Amino acid sequence: MSRKEIIAEGVTIYLGDSREILPTICGVDAVITSPPYDGIRDYGAGFNGFDWRPVIRDFPKVLKPGAVAVWNVADQVIDGSESGTSFSQALYALECGLRLHDTMIY
């Protein structure tokens with residue numbers, strides 16, 4: 001996957017696969033990501049069966065103190081019940097030393 005940087009007035013936006021970008025940067029104010037949602041969609045080679053743990057594990061390394069990570073995910077519904085993957089991801093983030101400020105379910 002390609003990496004694209006947009007630089008304007010002291011702001012750099014990285015567009016691409018967070019698994020490739022996060023290990024190369026540090027000292028950021030915010031990470032905003034929307035990783036693959038369970039098995040809801042076919043994301044193509046390299047994304048189905050996406051392992052989100054390394055991405056979350058990199059957040060404390062790249063975020064400045066007081067910075068935020070926005071993690072947008074949805075759970076797959078199986079036999080009428082949600083998978084709960086989003087909750088597992090939030091709890092794992094806490095284990096990695098991140099703080100949970102808000103959980104939105106919509």
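## Asp17 and its salt bridge

Asp17 is buried, with a relative accessibility of 6%; buried here means under 20% relative accessible area, exposed means over 50%, and partly exposed lies in between (1.4 Å probe, protein chains only). The side chain of Asp17 meets that of Arg19 in a salt bridge, with an N to O distance of 2.8 Å. A salt bridge is defined as a side-chain nitrogen of Lys or Arg within 4 Å of a carboxyl oxygen of Asp or Glu. Arg19 has a relative accessibility of 32% and counts as partly exposed.

The structure is a predicted model, in which local features need pLDDT of at least 70 and side-chain atom pairs count only at pLDDT 80 or more, while totals for chains, interfaces and linings use all residues. Residues are numbered from 1 along each chain as its sequence is written, and side-chain values use heavy atoms, with hydrogens and water left out.

## Other salt bridges

A search of the whole structure finds four salt bridges. One of them joins Lys64 to Asp29, with the closest N and O atoms 3.3 Å apart. This pair links distant parts of the chain, since Lys64 belongs to strand β4 (residues 63–71) and Asp29 to strand β3 (residues 28–33), 35 residues apart. Helices (H or I, at least four residues) and strands (E, at least two) are DSSP runs, numbered from the N terminus. Lys64 is partly exposed at 37% relative accessibility, whereas Asp29 is exposed at 52%.

A further salt bridge is formed by Asp51 and Arg53, with the closest N and O atoms 3.4 Å apart. Asp51 is partly exposed at 38% relative accessibility, and Arg53 is partly exposed at 38%.

## Packing of α2 and α3

Arg53 also takes part in a helix contact: Arg53, Ile56 and Arg57 in α2 meet Gln89, Tyr92 and Ala93 in α3, where contact means heavy atoms within 4.5 Å. By class, this contact has three nonpolar, one polar and two charged residues. Ala, Val, Leu, Ile, Met, Phe, Trp, Tyr, Cys and Pro count as nonpolar, Asp, Glu, Lys and Arg as charged, and the others, Gly among them, as polar.

Helix α2 (residues 53–62) and helix α3 (residues 85–95) pack at an angle of about 35°, and their axes are 9 Å apart. Axes are lines fitted to C-alpha atoms, for helices over the stretch in contact, and angles run from 0 to 180 degrees between N-to-C directions. The crossing of α2 past α3 is right-handed, a term applied when the near helix is turned clockwise from the far one by less than a right angle.

## Surroundings of Trp71

Trp71 is located in strand β4. Leaving aside residues up to four places away in sequence, Trp71 touches Thr33, Pro35, Trp52, Val55, Ile56, Phe59 and Gln89. The side chains of Trp71 and Gln89 are joined by a polar contact of 2.8 Å. Such a contact is a pair of N or O atoms within 3.5 Å; within protein, one must be able to donate a hydrogen and the other to accept it, and residues adjacent in sequence count only if both atoms are side-chain atoms.

## Overall architecture

The protein has three helices and six strands, which follow the pattern β-β-α-β-α-β-β-β-α along the sequence. The C-alpha trace spans about 50 × 30 × 25 Å along its principal axes. Of the 106 residues, 26% are buried.
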